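Subject: Handover of a structural model

Dear colleague,

Please find below the structure that I am handing over to you. A summary of what was found in it comes after the coordinates.

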Amino acid sequence: MQEETFISVVEAHKGLLYKVANAYCKNKEDRKDLIQEIIFQLWRSFEKYDPEYRYSTWIYRIALNVAISFYRKNKRSSFALPVDEDMLDIWEPEPDFNNNDQLNRLNTFIAALKD
C-alpha cells in the first residue's frame, strides 16, 4: 500500500523533479542520475513525511537539497580537462634588459635584502 501511494505521489509531481534536474544538469545522463537519486531519497524519507505540508513542498525541498549536493559533488570532475603536452607549453616574454632604470632599481632592491 505504501509503495502504491509513493508511486502515485511521484508520478503526480514528476514535472517538479524534471524542473529541478534541468536547472542543475545540462547533460542528459547527469539528469537521469540526478532524478534517480532524488527518487531514492524521497523513498528513504517517505515514512517521515509530515502531512501538515503539501507533497509538492516536501518533494521540492528534498529535490533541491539532493540537486545541490549532486552539483557540488560533480562540479569538480565535470570541469576537468585532459592535459595535453601542448597545453603545458607556456610562453614567457623575453625580459627587456634595455630599460636600465628598471634594472638599476631591481639591483638596488636586491642589494637591500637581508641574507
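**Confidence**

Please note at the outset that this is a predicted model. The mean pLDDT of the chain is 81, and 79% of the residues reach a score of at least 70. Two stretches call for caution. Residues 78-85 have a pLDDT below 50, and beyond near neighbours in sequence this stretch makes 2 contacts in the model. Residues 87-92 likewise stay under 50 in pLDDT, and for them the model has 2 contacts beyond four places in sequence. As for the helices, confidence is highest in helix 3 (residues 28-45), with a mean of 94, and lowest in helix 5, with a mean of 81.

**Overall architecture**

The chain contains 5 helices and 0 strands, so that the order of elements from the N terminus reads α-α-α-α-α. Of the 115 residues in the chain, 21% are buried. The accessible surface of the chain amounts to about 10000 Å², and carbon and sulfur atoms contribute 53% of that area. Among contacts in the chain with a separation of 6 or more, 64% are between residues 24 or more positions apart.

Helix 1 spans residues 2-12, and its residues F6, V9 and V10 are buried. These residues lie on the same side of helix 1, because the arc they cover around the axis is only 95°. The face turned away from that buried side carries E4, I7 and A12, which are exposed.

Helix 2 covers residues 14-24, with L16, L17, V20 and A21 buried. Viewed down the axis, the buried residues of helix 2 fall within an arc of 130° and therefore line one face of the helix. K19 and A23, on the other side of helix 2, are exposed.

**Salt bridges**

In general, side chains of opposite charge can pair when their charged atoms come close. The count for this model comes to 2 salt bridges.

One of them joins the side chains of E11 and K14, with an N to O distance of 2.8 Å. E11 has a relative accessibility of 46% and therefore counts as partly exposed. K14 is also partly exposed, because its relative accessible area is 39%.

The other salt bridge is formed by K32 and E29, whose closest N and O atoms are 3.6 Å apart. Both residues, K32 and E29, belong to helix 3, where they are 3 residues apart, about one turn of the helix. The relative accessible area of K32 is 45%, so K32 is partly exposed. E29, at 45% relative accessibility, counts as partly exposed as well.

**A nonpolar surface patch**

Which residues form a nonpolar patch on the surface? They are L106, I110 and L113, and together they have about 310 Å² of accessible area. L106 is located in helix 5, which runs over residues 100-112. With a relative accessibility of 46%, L106 falls in the partly exposed class, because that class lies between the 20% and 50% cut-offs.

Yours sincerely

Key: Residues numbered from 1 in each chain as written. Predicted model: local features only at pLDDT ≥ 70, side-chain atom pairs only at ≥ 80, totals over all residues. Heavy atoms only, no water. Patch = residues over 30% accessible without salt bridge, like charges linked within 9 Å, V, L, I, M, F, W, Y side chains within 5 Å. Areas by Shrake-Rupley, 256 points an atom, 1.4 Å probe, with all protein chains shown as cover. Salt bridge = Lys/Arg side-chain N within 4 Å of Asp/Glu carboxyl O. Helix = DSSP H or I, 4+ residues; strand = E, 2+ residues; numbered from the N terminus. Buried < 20%, exposed > 50% of the residue type's maximum accessible area, 1.4 Å probe, protein only. pLDDT = per-residue confidence, 0-100. Contact = heavy atoms within 4.5 Å. Arc of directions from axis to C-beta.
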